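Dear colleague,

Please find the structure below, together with its sequence. A short account of the findings follows it.

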Amino acid sequence: MSIAVKNISKRFDSHPALSDVSLDIQEGELIALLGPSGSGKTTLLRVIAGLEFPDAHDGRILFHGRDVSGLSAYQRKAGFVFQHYALFNHMNVFENIAFSFRVLKRSQRPSESVIQDRIDGLLRAVQLEGYEKRLPTQLSGGQRQRVAFARALANKPEVLLLDEPFGALDAKVRKDLRRWLREFHDSTQLTTIFVTHDQDEAFEVADRVVLIDKGGIQQTGTPAQVREHPANDFVADFLGL
Amino acid sequence: MPGSTTLHLKLHRPLRATGDRPAVRRFLIGSVLVFFILFLLLPLVVVFQEAFSKGLAAFVETFRDPYTQHSIVLTLVIALISVPLNTVLGIAAAWSVTRYRFRGRSLLITLLDLPLWVSPVIAGLLYVLVFGAQGWLGPWLREHEIRIIFAVPGMVLATLFVTFPFVARGLIPLMQAQGMKEEEAALTLGANGWQILWRITLPKIKWGLLYGVILCNARAMGEFGAVSVVSGHIRGKTNTMPLHIEILYNEYQFASAFAVASVLALLAIVTLILKTRAEWRAEQELRASRPSITP
Amino acid sequence: MKNIRTLAAIAALTGATVLHANQSILNVSYDPTRELYSELNKNFAKQWALKNGSSLAIDQSHGGSGKQSRSVVDGLEADVVTLALAYDIDAIADQSGLLPKDWQSRLPDNSSPYTSTIVFVVRKGNPKGVKDWGDLVKDGVKVITPNPKTSGGARWNYLAAYAYALRQNGGDEKKAKEFVSKLYSNVPVLDTGARGSTITFTERRLGDVFLSWENEAHLIQKQYPGQYEIVAPSLSILAEPPVALVDKVVDRKGTREVAQAYLEFLYTPEAQDIIGRHFYRPRNAAAAAKHAGHFPKIDLVTIEDFGGWRKAQKEHFNDGGTFDRIYKPYRP
């Protein structure tokens, strides 16, 4: 699904988090929003997800050319993975992943066997077979992250949004998960946006990198373009060029 | 030199931690313990001793008295009305101040504590001023045959007032610390407001909530001042256990007064045990909500 | 099956009538009358049920007389009030209009079915040798009496002391005020109600002499056999605790008939005997004679000697009155 962000502004109290941001993302792209903390990258991701609503000017969010500005997060069919996973600690792994089915109206809910099959498939995809009955507190950080992925994917979203997906993991696990994400994306071609402050991560995984600072987009391009032709001092400075 | 290191530590550890000399420390701990035994533990023992001073038969007889029975029932009824109401109100208040930013939010947080700052007697008098026959709403209430003051509704209102802060105050710090990421996650997974409340938020805060409810209940059953002002002291009608204890005591029925008091004291002990357990679980709840950095 | 159900229904209904009386009235009274009305109520309810075939429940509320008066003004739905002194019922009439101002002339004997007076209670053997009011102002004698601002009995105590001092000093008000000032500086605790003071004197064992309602003094002797003695002073005051129907309440509740009958019952020989047994001085001559042994002859002044309750209240007990001016807290 293609995504278009058009002239989005967002203020918190009096502090501007995003000012007049526009961005086009093609179907099947894997995009990194890269910038220092407080730059507005997470806010942009949350605005796209529908967790944050932009200030009412003439800003719009289009999914596949359709205006979704007024739709809830769920109606946008966007899967979201939170920075610290936000797993439901009182539910086991299976119920965490099944949550999006459990909250459906009875008439729309798939049968228990369909849910079971779907979750078995997801657990296989994230390599967590046999962990159904574990509670989140009994999992390692990497395992929790993969449960969060599976949960976000359960209801077949058309876009996947990840907030600092590897931020809280140690170096080894982070590397494995990066590779896993890249492979997962190659096999599914699911439009994916992730937020990171780590340029290695952005350059290694993403098709295109969006550099953000002070609430505005500083440069957009492939890793090679950005590295070879930094658009301004901020980009050059932030990348250490 | 390892020896001098240990010596150094021994000498300086308590000093570094608190800045107090050992003598001061011993004195403080000692006086707190003496105070605790003299003014808290001993009276509790005396309550039970006095309750059985005329034997088990007299103790049982106290609870066969219809006025005593009524006071127990009334106390339970008032708690049964005011505790669930305050639970719902407390959750709503905690939800509002931790989830939304709005005008008057900090004022609301301050006002939540008001019942703890105002003497219960004043709270009772305020209700008399508003709902009493000479009060603002008095004439209107009389015209419509609605009795509030010197009747059960007034006692429920007074109890609601004094017990209001407990649930909200227990929840606000917990909900603030927990944040609302899980709720947001549920939202992106298609849950509506009710589903988020029932499936995510309540399970997250259940021990903190229980802790607040237990405190709220203990206060509701034990409240004397505010309820005394609005009760009218009609025996068999508007006497709760604490008020009944006072009446029995004033009627020279000391053993009976202490028998009823022992039930309240027992309730306090059970409350303390439940509270400690809920507190412990609430702490775990809080810890579980913190993101771990382990792989 | 059907029969069982009918039987159950009948049982439930009859059970209900036993538990829930057809009619109920509320008697709002002062502190020391708990035991008295508990017995009077039982007798009247029985009589009423026999005569009318319908059951009657009489609810009681007790507390400091002034406080109870205030509660009725604030909406406590008393069918009858039975308080410690006429002023507290005057206050209800003045402030709420629930009953007419001439309420006191509606029943015999100033609407007081019994009288009482103030006596001294001392510990066994009278260790401080207290005989009369003059002994109460001596150094080292600790006196227990409640606060005249809130307690009815305390106001009688105060006025009795004042009357004694007036008589001793040939009517010199300045000297009388000095006397009561000295007396109250010997009071270590001012409770809000008479019963509170009793508990202070007996259970907390504070003070050497307790200024008490005569009936309360006898009750103490009964509760603590052999531990206390009653001392009758040379002069005391005739207390006339009055009773009254609260017209607006009984008319709203439709209880005028039973409430009126209840108050009239208090004057019957049967009730007067109960009154005497509880150590209140009966109005009825036969009952008075029967219980005369409990009631020593004391020279009694009356509230009329102070110009009536409204005047006495204003002069002595209202804010800024004599009591406020003479009261010096106890310093050990």
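At what angle do helix α10 and helix α11 of chain B pack, and how far apart are their axes? Please bear in mind that this is a predicted model. In it, helix α10 of chain B, residues 181-188, packs against helix α11 of chain B, residues 193-222, at an angle of about 160°, and the two axes lie 10 Å apart. Angles over 145 degrees count as roughly antiparallel, and α10(B) and α11(B) are therefore roughly antiparallel to each other. Their crossing is right-handed.

Which residues make this contact? From α10(B) come B:Glu182, B:Glu183, B:Ala186 and B:Leu187, while α11(B) contributes B:Ile196, B:Ile200, B:Thr201 and B:Lys204. Of the residues in the contact of α10(B) with α11(B), four are nonpolar, one is polar and three are charged.

Strands of a sheet pair through backbone hydrogen bonds, either parallel or antiparallel. The sheet in chain A is open and consists of six strands, in the order β6-β7-β8-β3-β9-β10, with mixed pairing. At its edges are β6 (78-81) and β10 (216-221) of chain A, each of which pairs on one side only. From one strand to the next, the twist averages 20°.

How many bridges join β9 to β10 in chain A? Strand β9 of chain A, residues 208-213, is joined to β10(A) by five bridges, and these two strands run antiparallel. A:Asp213 stands opposite A:Gly216 in β10(A).

Yours sincerely

Methods:
Residues are numbered from 1 along each chain as its sequence is written. Chains are lettered from A and ligands numbered from 1 in the order in which they are written. This is a predicted model: local features need pLDDT of at least 70, side-chain atom pairs count only at pLDDT 80 or more; totals for chains, interfaces and linings use all residues. Side-chain values use heavy atoms; hydrogens and water are left out. Two strands pair if DSSP finds at least two bridges between them. Helices (H or I, at least four residues) and strands (E, at least two) are DSSP runs, numbered from the N terminus. Axes are lines fitted to C-alpha atoms, for helices over the stretch in contact, and angles run from 0 to 180 degrees between N-to-C directions. Angles under 35 degrees count as roughly parallel, over 145 as roughly antiparallel, 65 to 115 as roughly perpendicular and the rest as oblique. A crossing is left-handed if the near helix is turned anticlockwise from the far one by less than a right angle, and right-handed if clockwise. Contact means heavy atoms within 4.5 Å. Ala, Val, Leu, Ile, Met, Phe, Trp, Tyr, Cys and Pro count as nonpolar, Asp, Glu, Lys and Arg as charged, and the others, Gly among them, as polar.
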